[in-house]
Every structure is written in structure tokens, then in C-alpha cells.
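I opened this model to look up its salt bridges. My notes follow.

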Amino acid sequence: MTAAPADLLIDRPAMTDGASLWRLAKDSKTLDLNSSYSYLLWCRDFAGTSAVARGADGEPVGFITGYVRPDHPRTLLVWQVAVDSAHRGHGIAAKLLDGLTARLVTERGITEVETTITPGNTASERLFTSFAARHGAQVEREVLFGAELFPDGPHDPEVLYRIGPLTDSTPH
């Protein structure tokens, strides 16, 4: 993996980024694609707990959507992570995750990150386990949603990754 481009900007998404996030999710071929409307709402209502990576032209080349869990206000749930195929392999997803969590440790005092990953998604498994290692945090795993809970056809189980405590937002 080569380093993320020096001109990469990690930023909060704006409503005008919603269409780009939808396209990145669609083009990923791995994410569950939500409606374009949901990405517009996400960029409006959850911009503070999400991040975009902007290339030299200012256009999003990657994103993370997340929210702080209402019943666990020190826990960031990472919903989706996507990087444009032309920009993969440069550490952009890791830079997004590090940047977002550093911001939320400072702004909201988060101490834990959660995400769900389907078995066999090695890219996501690597992203989150390497994040935990960089931040000296533990990783706990358990099935959150079994395959039988999904009403819309075959779906792999979603395994919850709980990462924490985040005692330092600076990677080691």
C-alpha cells in the first residue's frame, strides 16, 4: 500500500456531496446501497459524525458515514466506508477513519468505535483491526444480526466489531 496523496483533504460532507457518496457506494459493489435520498439526508443530518476524502479537484474520492449511538454517547457507529476504485490501495480509508475518530474524540469525547462487517470482507476486517492496533485498543467481535433477521432475501450475518477504549486519538 502506498501513502495517501498529500493533497487529500479529510472534510465533513456537505449536502451537495450526497450524490457522490451514493455513486461511491453503488460503485463499491460490496456495500448495501441505500437510496440516493438517504445519502442526501446523511450529509445533512450526520455530517458531524461522517467524513469525506476530497481529491485535488475537491470532489469526494472516499467517505465514512457514522453516527453517535443515542444510548451510548461515547460510541461512534461506523455505517459505511467506501473509496473510489481508482484511489484504493493508498491508505485513504485508514486516513478517513483516523481523521474522523480524532475529530470526535476531541468534539464529543468518544471512547469506542463500533462497526459491522460481513464474514469474508477482508478489506474491512483489516481496516478496523489495524485501526485498533494503531490506537492501542482492544477488538471484541460478536454476531449482531444473524442472517435469519434480514427480511429481504439472503444476507450474510453482520458481525459487530467493538473497538476500544480509545485512550489516544493519535495513531501509534
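I searched the whole structure for salt bridges and got ten. I counted a salt bridge where a side-chain nitrogen of Lys or Arg lies within 4 Å of a carboxyl oxygen of Asp or Glu. The model is predicted, so local features need pLDDT of at least 70 and side-chain atom pairs pLDDT 80 or more, while totals for chains, interfaces and linings use all residues. Residues are numbered from 1 along each chain as its sequence is written, and side-chain values use heavy atoms, with hydrogens and water left out.

Entry one: Arg-54 and Asp-11. Their closest N and O atoms are 2.9 Å apart. I placed Arg-54 in strand E2 (residues 51-54) and Asp-11 in strand E1 (residues 9-11), 43 residues apart. Strands (E) are DSSP runs of at least two residues, numbered from the N terminus. Next I checked exposure: buried means under 20% relative accessible area, exposed over 50%, partly exposed in between (1.4 Å probe, protein chains only). Arg-54 is buried because its value is 11%. Asp-11, at 30%, is partly exposed.

Entry two: Arg-69 and Asp-71. I found their side chains in a salt bridge, 3.5 Å from N to O. Asp-71 has 53% relative accessibility, so it counts as exposed.

The closest N and O atoms are 3.4 Å apart. Arg-162 sits in strand E7 (residues 158-164) and Glu-140 in strand E6 (residues 138-145), so this pair ties together parts 22 residues apart in sequence. Both are partly exposed: Arg-162 at 22%, Glu-140 at 47%.

Which residues join into one network through shared partners? I listed Arg-69, Asp-71, Glu-114, Glu-140, Glu-142 and Arg-162.

Terms used: Helix = DSSP H or I, 4+ residues; strand = E, 2+ residues; numbered from the N terminus.
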